[in-house]
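Here is a friendly tour of one protein, moving from its overall build to a few of its residues. Have the sequence and the 3D view at hand as you read.

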Amino acid sequence: MKYISTRALAMGGDKTSYSLSQAINQGLAKDGGLLVPAFLPKIDKHLFDHQQSFFSFCEILLQPFFNEDALATHLSSIIKNTFTFEMPLKKIDESSYLLELFHGPTLSFKDVGARFLAACLDVISKQEKTTIMVATSGDTGSAVASAFHNKANIEVIILYPQGKISERQAQQITCWDKNILALAVKGNFDDCQRLVKSAFKDPWWQARSRLNSANSINIGRLLAQMCYYAYTSFQFYHAQQIAPGFIIPTGNLGNALACFWAKAMGFPIREIVLATNSNRSISDYLLTGKYQPRVSVPTLANAMDVGNPSNFERLQYLFKDFEIFKQEVKAISVDDRQITKTIQQVYQKHGAFICPHTATAYFARQQLSEGPWILLATAHAAKFETVNALLPVPLPIPKSLAEMLKRKQNYQEIEACLTALRSHPALG
Ligand SMILES: *Cc1c(COP(=O)(O)O)cnc(C)c1O
């Protein structure tokens with residue numbers, strides 16, 4: 001498989017074909033576009049069966065994407081090192097299910113992409129020192145820190161918007177040492193993302209070490225995320241003879257894009273609905289046909305506070321014209337009041353705790369009729385103090401989180417500009 005730029009066909013576009021290792025290493029194409037597989041292979045139904053283990057299923061699924069690359073011989077161990085935790089599908093009611101993706105070490109679905117990327121880069125960076133620079137609106141930072149902590153030859157720089165993420169999320173980002181540097185940026189998430197993008201274009205950074213991103217612009221994360229959509233839809237279809245729809249809490253569109261790719265490959269996915277918070281760039285695009293990036297507004301579902309979703313360009317590349325885009329993509333925007341009510345209702349009705357991101361999917365489910373629907377639970381409720389404040393009983397705290405909350409915080413403050421980032425003393 002070769003990987004190409006989403007802008008390859010544009011004037012002055014980067015026409016290079018990249019190997020998987022290059023695509024993972026590179027982050028962005030030379031023209032600033034995002035890397036995508038040159039084609040999405042149609043699935044061969046005979047290769048999959050419902051009795052396969054999850055690991056064998058993923059190996060067959062991902063094998064075409066690893067073809068012709070040095071990482072291909074490591075695929076099996078990469079998968080085993082990624083999926084070290086369960087991802088149960090639970091029934092909510094007759095036509096709704098919940099796919100829990102938050103049982104990893106830092107309690108969000110970001111653990112999947114981060115661990116997959118760490119396993120790939122562990123192989124790739126044996127020869128050359130690598131710097132991972134990542135902007136985070138909450139959960140990516142901790143997932144990346146946990147996945148890369150103590151990896152030889154890899155340095156990690158995490159930029160997060162100071163004061164704009166939950167205290168527990170901040171604690172999970174800053175509780176590391178050694179090869180992990182946490183920078184609290186005086187700005188919002190879009191500032192952090194802009195800083196990372198400009199560092200990538202900056203010759204100073206390029207000369208310093210091999211720079212890489214672990215954001216959802218990295219193709220490695222997307223490939224890993226395809227696994228749970230493909231597997232879950234396949235098993236669901238086998239059991240019920242009907243293709244499920246997915247409702248996906250969405251910010252940068254990384255998680256959802258993996259689902260669109262799995263659908264494009266032919267997995268039995270009926271429909272895909274994006275649940276967003278009050279950041280309405282995608283909903284408004286669907287209404288007007290004009291894409292207008294915005295400044296992000298803060299919400300309770302802060303890991304989705306994104307005004308300019310970085311994977312939008314990949315989605316547009318997949319559905320080349322607006323009419324097709326509109327047919328394939330549905331979006332429901334959920335505001336903070338609706339998120340709050342939903343968290344309380346789900347507790348009253350089911351005695352269950354859900355996080356604010358997952359709540360957007362629950363709310364969206366109520367707006368939709370026919371099922372079956374699979375809602376994604378993207379983070380554990382205990383990561384968010386805000387959930388506690390809404391409910392009459394304290395949230396039980398999982399062991400891994402309790403352990404992280406006890407550790408010492410370790411971070412540096414920084415202004416939201418490239419000069420400040422370049423001259424930061426901790427970078428030597
Ligand atoms: C990152 C995140 C999202 C949004 O995922 P994208 O891939 O950015 O769309 C949703 N929920 C949680 C808990 C997250 O951490």
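## Terms and overall build

Helices and strands here are DSSP runs, numbered from the N terminus; a helix has at least four residues and a strand at least two. The model you are looking at is predicted. On those terms, the protein has 18 helices and 13 strands.

How does the radius of gyration fit a compact globule? For 428 residues, such a globule would come out near 22 Å, and the protein's 20 Å agrees with that. The C-alpha trace spans about 55 × 50 × 45 Å along the principal axes. Of the contacts between residues at least 6 apart in sequence, 75% link residues at least 24 apart.

## Surface and charge

Of the 428 residues, 60% are buried. The protein exposes about 16,900 Å², with carbon and sulfur atoms supplying 53% of that area.

As for charge, there are 43 positive and 35 negative side chains. The centres of these two sets lie 1 Å apart.

## Loops worth a look

Lysine 178, with phi near 55°, is found in the loop between helix H6 (167–174) and strand S7 (180–186). Is lysine 178 buried or exposed? Its relative accessibility is 66%, and the cut-off for exposed is over 50%, so lysine 178 counts as exposed.

Leucine 253 has phi near 70° and sits in the loop between strand S9 (245–249) and helix H10 (254–265). With a relative accessible area of 1%, leucine 253 is buried.

The peptide bond joining glycine 371 to proline 372 is cis, with omega about -10°.

Where does the side chain of glutamine 225 reach? It reaches the backbone oxygen of glycine 254, at 3.1 Å. Leaving aside neighbours within four places in sequence, glutamine 225 is in contact with Phe109, Val112, Gly254, Asn255 and Ala258.

## Glutamate 403 in helix H17

Finally, find glutamate 403 in helix H17, residues 399–406. Its relative accessibility is 39%, so glutamate 403 counts as partly exposed. How far is glutamate 403 from lysine 197 in space, C-alpha to C-alpha? The two are 33 Å apart in space and 206 residues apart in sequence.

Terms used
Residues numbered from 1 in each chain as written. Predicted model: local features only at pLDDT ≥ 70, side-chain atom pairs only at ≥ 80, totals over all residues. Heavy atoms only, no water. Rg over C-alpha atoms; globule rule 2.2 N^0.38 Å. Buried < 20%, exposed > 50% of the residue type's maximum accessible area, 1.4 Å probe, protein only. Contact = heavy atoms within 4.5 Å. Areas by Shrake-Rupley, 256 points an atom, 1.4 Å probe, with all protein chains shown as cover. Lys, Arg positive; Asp, Glu negative; His and termini not counted. Charge placed at Lys NZ, Arg CZ, Asp CG, Glu CD. Polar contact = N/O pair within 3.5 Å; in protein donor to acceptor, adjacent residues only side chain to side chain.
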